[in-house]
Amino acid sequence: MYALTSEHSDEEPESYVKFFLNDRVQRVVSWINNNFLLMQDLEFTNQLNLRFTCLRSQQPLLITMDSSSEVFIKTDDMELAGELIQSLAQFLTLEDLSVTAHFPQETENLTNLLTKVNEYQSVRQQLSADMADNSGLIRNLVVRAEDARLMRDYALMRRWHQDLHALNGELINNYKIRSNNHEELMTCLKQVNQIIQRAGRLRVGRPKTQVINSCRAAIKNNDIDLLIKVIGAGEP
């Protein structure tokens, strides 16, 4: 829950979304009156400059709109910003809405996640190559052990079986490492997808679809700079 506060503070959220509406300030005021628990309804004005405080986290939320119909929603919570935009768009029956977004904490987190993804994928490829090599060696050792048995060279046969046992243990250990690596990779990819979905919900209609598709294309091409640009500007 968010409470309207009249206290002035120099502390403002670092993150924000901004966009233009083809609507009057009064309509946004009506939306706020309908969606926020206020002691009394806001009065219609030519400009809007509201400050809310989250009762749970004490984090600020600022909503402003000037006479040119430029709207700012300032919050460090991207998910909250998306919920507010979706609610406002539904109230105003907007089919499309494009925004400019600035969420440095989210983009830094995304950069770190994608760095981890690249590291996990590199390790995964190396482990897969090692396992393929070991599988070939195991087949070779099985053939050698069988040849030694047929020649009744049991000392050599035991040697090949010992090598086979050691190599099989290494193969099992690599599989466990690869399995853990896969789980960590999937966790990172899930978090990346959640950030992309949150970035998409900052938009409505075609801009939302464009952002999600462009983000996925940037990830496919391993272009982190383009990905961050799309999240911020809404287009490549």
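This is a predicted model: local features need pLDDT of at least 70, side-chain atom pairs count only at pLDDT 80 or more; totals for chains, interfaces and linings use all residues.
User: Which domains is the protein divided into?
Analyst: The division gives domain 1 (2-94) and domain 2 (104-233), with bounds from an automatic or database domain assignment. The contact between them (heavy atoms within 4.5 Å) takes 13 residues from domain 1 and 11 residues from domain 2. Their C-alpha centres lie 43 Å apart.

User: How much area do domain 1 and domain 2 bury between them?
Analyst: They bury about 1000 Å², 66% of it on carbon and sulfur atoms. Buried area is the accessible area (1.4 Å probe) that two parts lose on being put together, summed over both.

User: Which residues in domain 1 lose the most area to domain 2?
Analyst: Those are Glu14, Met78 and Gln86, which together account for 53% of what that side buries.

User: How many salt bridges and polar contacts cross that interface?
Analyst: The rule finds zero salt bridges there, a salt bridge being a side-chain nitrogen of Lys or Arg within 4 Å of a carboxyl oxygen of Asp or Glu. Two residue pairs are in polar contact, both at pLDDT 80 or more. A polar contact is a pair of N or O atoms within 3.5 Å; within protein, one must be able to donate a hydrogen and the other to accept it, and residues adjacent in sequence count only if both atoms are side-chain atoms.

User: Which helix gives the largest share of the domain 1 side?
Analyst: Helix α2 (residues 78-91) does, with eight residues. Helices (H or I, at least four residues) and strands (E, at least two) are DSSP runs, numbered from the N terminus.

User: Changing topic, how many salt bridges does the structure hold?
Analyst: The structure holds five. One of them joins lysine 74 and glutamate 12, with the closest N and O atoms 3.2 Å apart.

User: Why does that pair tie together parts that are apart in sequence?
Analyst: Lysine 74 lies in strand β5 (residues 70-74) and glutamate 12 in the loop between β1 (2-4) and β2 (16-20), so the pair links parts 62 residues apart in sequence.

Conventions:
Residues are numbered from 1 along each chain as its sequence is written. Side-chain values use heavy atoms; hydrogens and water are left out.
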